[in-house]
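Look first at the sequence and the structure shown below.

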Amino acid sequence: MTGDSTSMNTLEELRTALDMAHAATPPPGLDTRVMATALRRRPAHIPVDQAPAISPVEAYRQAVASLDATLGQLHDEQWHLPTIRDLDVQALVGHLIGVEEHLHLALGLGPDGVSVPEDHIASTDPVALAQRGRPPQHTRQEWRTLTDRTLEHLWGARHDVLQVEVRLHGIVLPVGSMLTVRAFELWIHEEDIRRATGQPLVAPGRAALQLMTGLALDLLPAGVAMAGRDVDGRSARIVLTGAGGGVWEKRFGPACTDPIAVRIVADAVSFCRLVANRVDPATFPADISGDDTLARDVFAGAAALALD
Amino acid sequence: MVTWVDTADDAVRARLLVGDEEALAEVFDRYGSLVYGLARRVVGDAAAAEDVVQEVFTWLWTHPDRFDPARGSLRAFLGIQAQRRAIDTVRSSVRRAAREGRHHDVDVPEPSSPGAEVEAAAVSAAVRDAIGRLPVEQREVVELAYFGGYTQRELASLLGIPEGTAKSRLRLAQSKLSSWLAPQMMELA
């Protein structure tokens, strides 16, 4: 109120003292009436600042533009800084060239008779290594040519086209969801490159994050199964805060009727980095109320969704 | 428990923003008796106090972004909201009673339990005694800031003084109160 912290503390103490003196037990049922009134005015689980929904194609376009802007700022020597998996920046972009080529095969844009590899990493190693010795801008341009082709093919696509399932690197998803995965991967690798080159990390826009967290929570049961965690019949409430946040109640197993056993509250962007396996599940920052073991299973399941 | 936010109030605000209704229920559990008690003290009428409580918590749920933890605690924020809405209710009631030719009565409710009565009275008496010892110009800014929940700008306007004068009177008053009350609050704690 005064802008001075000492003055604020004194006023705070005054309020505490008098407030405590004047507390009175509310009448029975007032809590229920308050909740009912409040939820009629604003439904639960919808963020106050929910961004208008965007198409996965738009999320993918934004991710391409963002990574391309980061690449455009690099000096030649920065392209040889190490990132992940023994790849330098240029080889990592080479990996993305390989993934985009495989996406084209999955979308029917590639040469006939060539099947889409099942592995996300090994199948792109040759093209990643082939970038060695090339001028970095040639690598960047090759990647942009491929992403431009993807956007040209899907921009303005009807909703039913985005619902067609495709298989890429062993994952089967509707085209729309696959593009959300692509946008997610481009963001995560942009962060890998920004870390390598000493630049601050930048999260996607709110609407794109909403697509990503929504898809991640949809896929969470599959991730928990991939992680080999036995959570059949259990339920968890997951509250993600900040941009891309929301509230999800996940019931694991087809016949789950158990009450919620754990509530997990975490930052949405941090959760996305967990899904990308860029944060250690064992030390993931979250508030956990309830079954701590189930929470750890959820974190392991999230990290198991990572492509690398 | 691991947290990634600075304070418990930051965490509650973040949960309210994304629509976690359990956070609202927790806020009510923690501060419902405070808000109800403050409202009841001002409006006197139980039904009117309930309406104030509903307004305060509904407003928090629909506008969680209006609570800024950097400016004060959630408890203080809810207390100010309760006081303002309760005062507005009384003003409306007084105006209505005046139109109808009736006298408006206000009664003060009992504290929540017999065990709290002695402590509540001691706390209340200590704070009121200290405020009463202030020079009149400092006492009036404190009473407006605390009981009325007015900002510096608002109380300067109400008193017809420059905002800088209001700020310095408030700072002087709070310095005195801090030195008088701190030892007493430690005894009562």
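## The hairpin

In the hairpin of β1(A) and β2(A), two residues lie between the strands, and His169(A) there takes a positive phi near 55°. Helices (H or I, at least four residues) and strands (E, at least two) are DSSP runs, numbered from the N terminus. The model is predicted: local features need pLDDT of at least 70, side-chain atom pairs count only at pLDDT 80 or more, and totals for chains, interfaces and linings use all residues. Residues are numbered from 1 along each chain as its sequence is written, chains are lettered from A and ligands numbered from 1 in the order in which they are written, and side-chain values use heavy atoms, with hydrogens and water left out.

Strand β1 of chain A covers residues 165–168, runs antiparallel to β2(A) and is joined to β2(A) by four bridges. Two strands pair if DSSP finds at least two bridges between them. Leu168(A) stands opposite Ile171(A) in β2(A).

In a regular strand the side chains alternate between the two faces of the sheet.

## Two positive phi values

Most residues other than glycine have a negative phi, and most peptide bonds are trans. His169(A) is not a glycine, yet has a positive phi of about 55°. His169(A) sits in the loop between β1 and β2 of chain A. Is His169(A) buried or exposed? With a relative accessible area of 8%, His169(A) is buried.

Arg85(A), also a residue other than glycine, has a positive phi near 55°. Arg85(A) is found in the loop between α3 (56–72) and α4 (89–107) of chain A. Its relative accessible area is 30%, so Arg85(A) is partly exposed.

## The second largest cavity

Rolling a probe the size of a water molecule over the atoms shows where empty space is left. On a 1 Å grid over the protein atoms alone, a cavity is a set of points where a 1.4 Å probe fits but cannot get out, and a pocket is an open set with protein on both sides within 12 Å along at least five of seven lines; lining residues have an atom within 4 Å of a point. Grid points are joined across faces, edges and corners, and a volume is the space filled by probe spheres set on the points.

The whole structure has two cavities of 30 Å³ or more. The second largest cavity holds about 50 Å³ of space. Among the residues that line this cavity are Leu168(A), His169(A) and Ile171(A). Helix α8(A) gives the most to the lining of the second largest cavity, with four residues. This lining has six nonpolar, two polar and two charged residues. In this classing, Ala, Val, Leu, Ile, Met, Phe, Trp, Tyr, Cys and Pro count as nonpolar, Asp, Glu, Lys and Arg as charged, and the others, Gly among them, as polar.

## The second largest pocket

How much space lies in the second largest pocket? The volume is about 480 Å³. Of the 27 residues lining this pocket, the closest to its centre are Ile171(A), Val181(A), Leu305(A), Ala306(A) and Leu307(A).

In chain A, β2 (171–174), α8 (175–196), α9 (206–226) and α10 (268–275) each supply at least two residues of the pocket lining. Helix α9(A) gives the most to this lining, with seven residues. By class, the pocket lining has 19 nonpolar, five polar and three charged residues.

## Aromatic rings

Over all chains, the structure holds six aromatic pairs. The rings of Phe184(A) and Trp187(A) have centres 5.8 Å apart and planes at 80°, so this pair is edge-to-face. Rings of Phe, Tyr and Trp (its six-membered ring) pair if their centres lie within 6.5 Å; planes under 30 degrees apart count as stacked, over 60 as edge-to-face and the rest as tilted. Both Phe184(A) and Trp187(A) lie in helix α8 of chain A, three residues apart, about one turn of the helix. Both are buried.

Phe271(A), Phe284(A) and Phe299(A) form one aromatic cluster.

Conventions: Buried < 20%, exposed > 50% of the residue type's maximum accessible area, 1.4 Å probe, protein only.
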